[in-house]
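User: Please take me through this model by question and answer. Keep it brisk.

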Amino acid sequence: MNNLADVAAALKRAESVLVCGHVMPDGDSLGSVLALGLTLESMGKKVIMAGPDPSPAIYDFLPGLDQYRVGLPPDGGFDTLVVLDCSVPERLGPGFQELLSGETDIIILDHHAASSCFGKYRYVDPAAAAVGEIIYDLIIEMGLDINLDVAICLYTAIVTDTGSFQYDSTTPGTLRRVANLMEIGVPAALINVRIYEEKPKVFFQLLCSALSTLTTSSCGKISWMTVTRETIKNSGAKDEHTEGLVNYAKSIRGVEVGILFREIGEGSYKISFRSKDAIDVNRLAALFGGGGHPHASGCTVQGDLNEIIDRVVSAALLAARGIVR
Ligand code: 5GP
Ligand code: MN
């Protein structure tokens, strides 16, 4: 494991850098990729900012997004690869994942406690609420100023990965960094409106359908919803509009774990877990080949939906047994 000074030195030496994040990018992945990419560009380096999947429309306001490339650059052209917010190589998605066996210097920056060991340079800080915090510290470590465009990207990374500063990952250090970003000029309230209060109507149609599947275990501690391809199609929504649905299952009084089962292909289901307090859903997702954080995790499972629900809910109930609040 390296320290930020090693990472800063490696980046200063680099001439051309590919910065990428994870599949189905969220605010932390995108905000961090753009913040670091724009910073490296301002240092005079050749930069490619990329990822395997498109950016959800709610992030259209992010500075630098016009330079974000979906898919691999056709002819390489970089001496350093920076991978952000990926706890395991698979999170990079097919194509990008293969770059890890290439000849370039590889720098991993992550905040997952169970981050696996890959990359030449690794800096993993599970105490960071978002990779955006690590990029913030890295820019300071490199002796640079954070400009307004970069500050907007960092704020977005942090506000989204902390659930608007509601999760217990939010520390005094998180809020100090955010205070500094606001002093640089970040219009925090405006960004919050863009991310959280401008959902398209189809989102609410999808929410209606998802809520009609809401089921709670007899003990009241586990609650889940399902979204099939048909539900998404019938509501006129896109996959990106499923973001945040799982929180409705979690927000019920007494519920410890909210789960969303989302069909992503024939017999293939993306499962999202969210917990409030006592249950470590990172461990729960790991039982099914996934991972994440103690209160937000996910995995992908193949098979029959009802069987999958049975297996996953049983495991969640086991985790919840004995919790008294
Ligand atoms: P979401 O439910 O929003 O897709 O994912 C929540 C968090 O769980 C992500 O930020 C990521 O840390 C983790 N996660 C989601 N899906 C996977 C997966 O398939 N594998 C691993 N290792 N982590 C995942
Ligand atoms: Mn993150």
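User: Which residue follows helix 3, and is its phi positive or negative?

Analyst: This is a predicted model, where local features need pLDDT of at least 70, side-chain atom pairs count only at pLDDT 80 or more, totals for chains, interfaces and linings use all residues, and side-chain values use heavy atoms, with hydrogens and water left out. Residues are numbered from 1 along each chain as its sequence is written, while chains are lettered from A and ligands numbered from 1 in the order in which they are written. Helices (H or I, at least four residues) and strands (E, at least two) are DSSP runs, numbered from the N terminus. The residue after helix 3 is G143, with a positive phi, near 75°.

User: How many residues of helix 3 are buried?

Analyst: Buried means under 20% relative accessible area, exposed over 50%, partly exposed in between (1.4 Å probe, protein chains only). Among the buried residues are V131, E133, Y136 and I139. Helix 3 spans residues 131–141 and is mostly covered. The buried count is eight of its 11 residues.

User: Which residues are the protein donors of the manganese ion (ligand 2)?

Analyst: Donors are N, O and S atoms within 2.8 Å of the metal (3.2 Å for Na, K and Ca); water is not among the atoms, so sites may look incomplete. Along the chain the spacing reads D-x56-D-x25-H-x49-D. The donor atoms lie 2.1 to 2.8 Å from the ion.

User: Are H111 and D161 buried or exposed?

Analyst: H111 has 3% relative accessibility. D161 has a relative accessible area of 16%. H111 counts as buried, and D161 is buried.

User: What share of ligand 1 does the protein bury?

Analyst: A polar side-chain atom of H112 lies 2.6 Å from an oxygen atom of ligand 1. For S272, a side-chain N or O atom is 2.6 Å from a ligand 1 oxygen. Taken alone, ligand 1 exposes 500 Å² (Shrake-Rupley method, 1.4 Å probe). The protein buries 83% of that.

User: Which strand gives the largest share of the shell around ligand 1?

Analyst: The shell has 15 residues (a heavy atom within 4 Å). Strand 10 (268–275), strand 11 (291–292) and strand 12 (296–302) each supply at least two residues. The largest share, four residues, comes from strand 12.

Key: A polar contact is a pair of N or O atoms within 3.5 Å; within protein, one must be able to donate a hydrogen and the other to accept it, and residues adjacent in sequence count only if both atoms are side-chain atoms.
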